Amino acid sequence: MKNEYVLVLDFGGQYNQLIARRVRECNVYCEVKPYHIRLEEIKALDPKAIIFTGGPNSVYGEGAPRVEKELFELGVPILGICYGAQLMAYTLGGTVKSARDREYGKTEISYRPCPLFEGVEQQNICWMSHTDYVASLPEGFENYGYTQTCPNAAFGDFEKKLYAVQFHPEVMHTRQGTEILKNFLYRVAGCAGDWQMEAYAETAVKELREKIGGKKVLLALSGGVDSSVAAALLSRAVGKNLTCIFVDHGLMRKNEGDEVEAAFKDFDFNLVRVNAGEIFFGKLKGVVEPERKRKIIGEEFIRVFEREAKKIGAVDYLAQGTIYPDVIESGTGDAATIKSHHNVGGLPDYVDFKEIVEPLRSLFKDEVRALGKALGLPDHLVLRQPFPGPGLAVRIIGEITPEKTAILQDADAIFREEIAKGGLEGSISQYFAVLTDMRSVGVMGDARTYDYTLALRGVVTGDFMTAEWARIPYEILEKVSSRVVNEVGHINRVVYDITSKPPATIEWE
Ligand code: XMP
């Protein structure tokens, strides 16, 4: 059975994938295509609805993206957003003008009754980002919303099911924005919402199979959410033609290397686990400076990967677990380039391959997690909290040794266990233990001890750019403290870090 299909026509806006994501959230399948695909192609796709995205152009500008007028005569409901709204008005005979000042940010808006705003509060807040505005509407169109500076902030032709909004309903700051998109999809376009993540997995697998065929793919598997989900997806698509290299640098959390390996034992691909702990510990010997540690680990990681890749020989594709937030500012399609991101720093230069595949490129983190679940990955992998690439190296202050690593692994495992027992896993964004290089005097039994201080860290955050220290109940902290001192050797004092970010960072190094 073919899913309901919504076509998002990309005019180069920064939020285009966000529109796609909101549509998927409404359980409707959609794809983003460049605005210049041919009318015949659009007809063949047989969309239930079309959404025009925003974009950086002015409709009167030289080379401004346009669409054919016939597109509006197909009888397919269309929603124009921002530039898309202006383009709709302009193409159908309205006028667009340039304002002196840009209208930007959260803006008060008044909506008028129409299917798009059913169940939506009349006096509301929307997110604006535009300079041009629609000054007069095409024939047959009515005004459905206005702000203080934008007379036609929403308008439409009820009969023809054509609607347009100058603001961005897809951006979180537009209150009830998802409601508005849902109204368009369900009330205007008559969608029923027949799409789930399982269906996405199926489509993605089919596309990867078609693209890769019988050729070879290589993936660096870190055990993090993104690379794990990419591995699961590719494995379903190409099976043994996929080889994953998992470099275990010996600085993973307790049992983590084995857990990663075990999670993939039923998947049908070649998994090469490189236990490179000795090499890493060797390189890190005597190093105490945090940035040096990070550099050494980053470089060594590439060396090990390169050596293993050479053994495998030339591959056709190098796969990466890049997700949408990694590319959002890198310039996509017609969007302006703000900043270039590199997901796996340096790797492509060292490996002999023809092309990169990034099967998660259009997904957001929570969608990646949902996809991982749909592909059968265990919760401990898909719900995993962020773990820094350099691993425990940035959680051991001072010189890193295998002994200190083992101490930290044991203490950290106790902390995690008690948090899970207390049912706090979902409410603390990230929590871990840090082995400081401070020693102090204690007394155990009747004897004096002179051992390490362990610090516990727990933070609550949405974006990891700022964070609050987590209010972990005293009883849990007490339990962790007593277990750590009793069960793990060489620690005689436990402290809890009560600094937020800023001024501290989440990790200690
Ligand atoms: P900080 O310590 O800067 O960390 O507050 C913010 C978030 O980023 C994670 N982090 C890293 N993740 N490679 C990563 O993949 C790294 O080198 C790295 N350093 C920090 C950290 O765990 C926290 O979630």
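Reader: Which residues of the largest nonpolar core touch the most other members?

Author: The model is predicted. Its largest nonpolar core holds 71 residues. The members that touch the most others are Leu9, Phe52, Phe264 and Leu371.

Reader: What does Phe264 touch, leaving out residues up to four places away in sequence?

Author: Phe264 is one of the core residues that touch the most other members. Its contacts include Ser228, Ala231 and Ala232.

Reader: Is His130 buried or exposed?

Author: His130 sits in strand 6 (residues 123-136). The cut-off for buried is under 20% relative accessible area. His130 is therefore buried, at 7%.

Reader: Which side chain joins that of His130 in a polar contact of 2.6 Å?

Author: His130 touches Cys82, Gln86, Arg102, Glu103, Cys150 and Gln166, not counting residues up to four places away in sequence. A polar atom of its side chain also lies 2.7 Å from the backbone oxygen of Asp132. The side-chain partner at 2.6 Å is Glu103.

Reader: Which residues of helix 4 are buried?

Author: Helix 4 (residues 177-188) has 12 residues and reaches 15 Å, close to the 16 Å expected. Its buried residues are covered by elements including strand 1 (5-10), helix 1 (16-25) and strand 9 (162-165). Those buried are Gly177, Ile180, Leu181, Asn183, Phe184, Leu185 and Val188.

Terms used: Residues are numbered from 1 along each chain as its sequence is written. This is a predicted model: local features need pLDDT of at least 70, side-chain atom pairs count only at pLDDT 80 or more; totals for chains, interfaces and linings use all residues. Side-chain values use heavy atoms; hydrogens and water are left out. Helices (H or I, at least four residues) and strands (E, at least two) are DSSP runs, numbered from the N terminus. The expected span of a helix is 1.5 Å times one less than its number of residues. Buried means under 20% relative accessible area, exposed over 50%, partly exposed in between (1.4 Å probe, protein chains only). Contact means heavy atoms within 4.5 Å. A polar contact is a pair of N or O atoms within 3.5 Å; within protein, one must be able to donate a hydrogen and the other to accept it, and residues adjacent in sequence count only if both atoms are side-chain atoms. A nonpolar core is a set of buried Ala, Val, Leu, Ile, Met, Phe, Trp, Tyr and Cys residues joined through side-chain atoms within 4.5 Å.
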